[in-house]
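Colleague: I'm new to reading structures, and I'd like to know how the labels get attached. Could you put one up so that I can ask about it?

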Amino acid sequence: MPRFAANLSLMFNEVPFLDRFEAAARAGFDAVEFLFPYEHSPEAVGARLRDNGLTQALFNLPPGDFSMGERGLAAFPERFDELKAGVDTALRYVEATGVGRLHLMAGLAPHDDPGAVAAYRRAVTWTAERLAPAGLDLVLEPINGRNIPGYFLNDFGRAADLIEDLGLSNLKLQFDLYHCQILHGDVTMRLRALMPIIGHVQTASVPERHEPGTGEVNDVFLFDELDRLGYAGFVGCEYIPAADTVSGLGWLAAYKGRSAR
């Protein structure tokens, strides 16, 4: 059965961020992820993980000014020094949380702009090489334009081509089932083709981004397919609860019960 991680940026919003760790553990999760930890100290985040027996599956490197609409720095050559400083900041949280992988957001830029292409390649290469001595993976996530219009990395094929071209052992694909369905469809065949480079998986229903099992995709089939493919990583539950978080967790209990039979 996949190892599900609650995404604390979207789930358990009924309580303040630092209290969501306990809420996730009480709900039966043994791992969590989130977008960004940087409003809280590394020590505070690490303590909540330890106190609740949780594993940190993933978080994002600093994206620029998220509150002002920035969604990453990697595609901007003039922001390279800021990106490097952000990696240093993230490494303090790595030490506190024991996380094994970080996601680098690309930013809002035309995917065919030569300057953006060169900047992104440089940023990805530098960041992966910077993280490698610490035993960390860097993951890249294609994101659909409905959720983030103008996002630079908006194609799974281009992401895979870059990863394979750079050939860095700690550079992996973050495969969000939700984004893949919206961008391309044919999710199962892409999972099968790309599994050798997948470093993290996320899930949400399509089209509303609510709990698995509430949309057009057979999420149970995809979870089973991850098992068939031998995926041993985490599946981040990066969905927006349709109501309160706990009442919407019937899908998880049902899947666990089905898998136990």
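Colleague: Why does Phe12 count as buried?

Modeller: Keep in mind that this is a predicted model. Buried means under 20% relative accessible area. Phe12 has 2% relative accessibility, so Phe12 counts as buried.

Colleague: And what about Phe29, buried or exposed?

Modeller: The relative accessible area of Phe29 is 4%. The limit is under 20%, so Phe29 is buried.

Colleague: What makes Phe12 and Phe29 an edge-to-face pair?

Modeller: Two numbers decide that. Rings pair if their centres lie within 6.5 Å, and planes over 60 degrees apart count as edge-to-face. Here the centres are 6.3 Å apart and the planes are at 90°, so Phe12 and Phe29 are an edge-to-face pair. The pair also links distant parts of the chain: Phe12 is in the loop between strand 1 and helix 1 (20-26), while Phe29 is in the loop between helix 1 and strand 2 (31-33), 17 residues apart.

Colleague: How many aromatic pairs does a search of the whole structure find?

Modeller: The search turns up 18 aromatic pairs. For Phe4 and Tyr255, the ring centres are 6.0 Å apart and the planes are at 85°, so this pair is edge-to-face. Again, the pair links distant parts of the chain: Phe4 sits in strand 1 (residues 3-7) and Tyr255 in helix 9 (residues 250-260), 251 residues apart.

Colleague: Which residues do ring pairs link into a cluster?

Modeller: The cluster is made up of Phe17, Phe21, Phe34, Phe36, Tyr38, Phe59, Phe66 and Tyr93.

Colleague: What makes you say that Arg71 lies over the face of Phe66?

Modeller: Part of the test is distance: CZ of Arg has to be within 6 Å of the ring centre, and within 35 degrees of the ring normal. Arg71 is at 3.6 Å from the ring centre of Phe66. The charged end of Arg228 sits over the ring of Phe221 as well, 4.9 Å from its centre.

Colleague: Where is Leu73 found?

Modeller: Look in the loop between strand 3 (55-60) and helix 3 (80-97).

Colleague: Why is Leu73 called buried?

Modeller: Its relative accessible area is 4%, and the limit is under 20%, so Leu73 is buried. The C-alpha atoms of Leu73 and Pro62 are separated by 8.4 Å, and the two residues are 11 apart along the chain.

Colleague: Which residues line the largest cavity?

Modeller: Leu73 again, along with Leu61, Pro62, Leu83, Gly86, Val87 and Leu104. That cavity holds about 40 Å³ of space.

Colleague: What makes one residue of that lining polar?

Modeller: The lining divides into six nonpolar, one polar and no charged. Gly counts as polar, and Gly86 is in the lining.

Colleague: What is the volume of the largest pocket?

Modeller: About 350 Å³. The lining has 13 residues, and among those nearest the centre are Leu35, Phe36 and Phe66.

Notes:
Residues numbered from 1 in each chain as written. Predicted model: local features only at pLDDT ≥ 70, side-chain atom pairs only at ≥ 80, totals over all residues. Heavy atoms only, no water. Helix = DSSP H or I, 4+ residues; strand = E, 2+ residues; numbered from the N terminus. Buried < 20%, exposed > 50% of the residue type's maximum accessible area, 1.4 Å probe, protein only. 1 Å grid on protein atoms, 1.4 Å probe; cavity = no way out; pocket = protein on both sides within 12 Å on 5 of 7 lines; lining within 4 Å. Points joined across faces, edges and corners; volume = space filled by probe spheres on them. Phe/Tyr/Trp six-rings, centres within 6.5 Å; stacked < 30°, edge-to-face > 60°.
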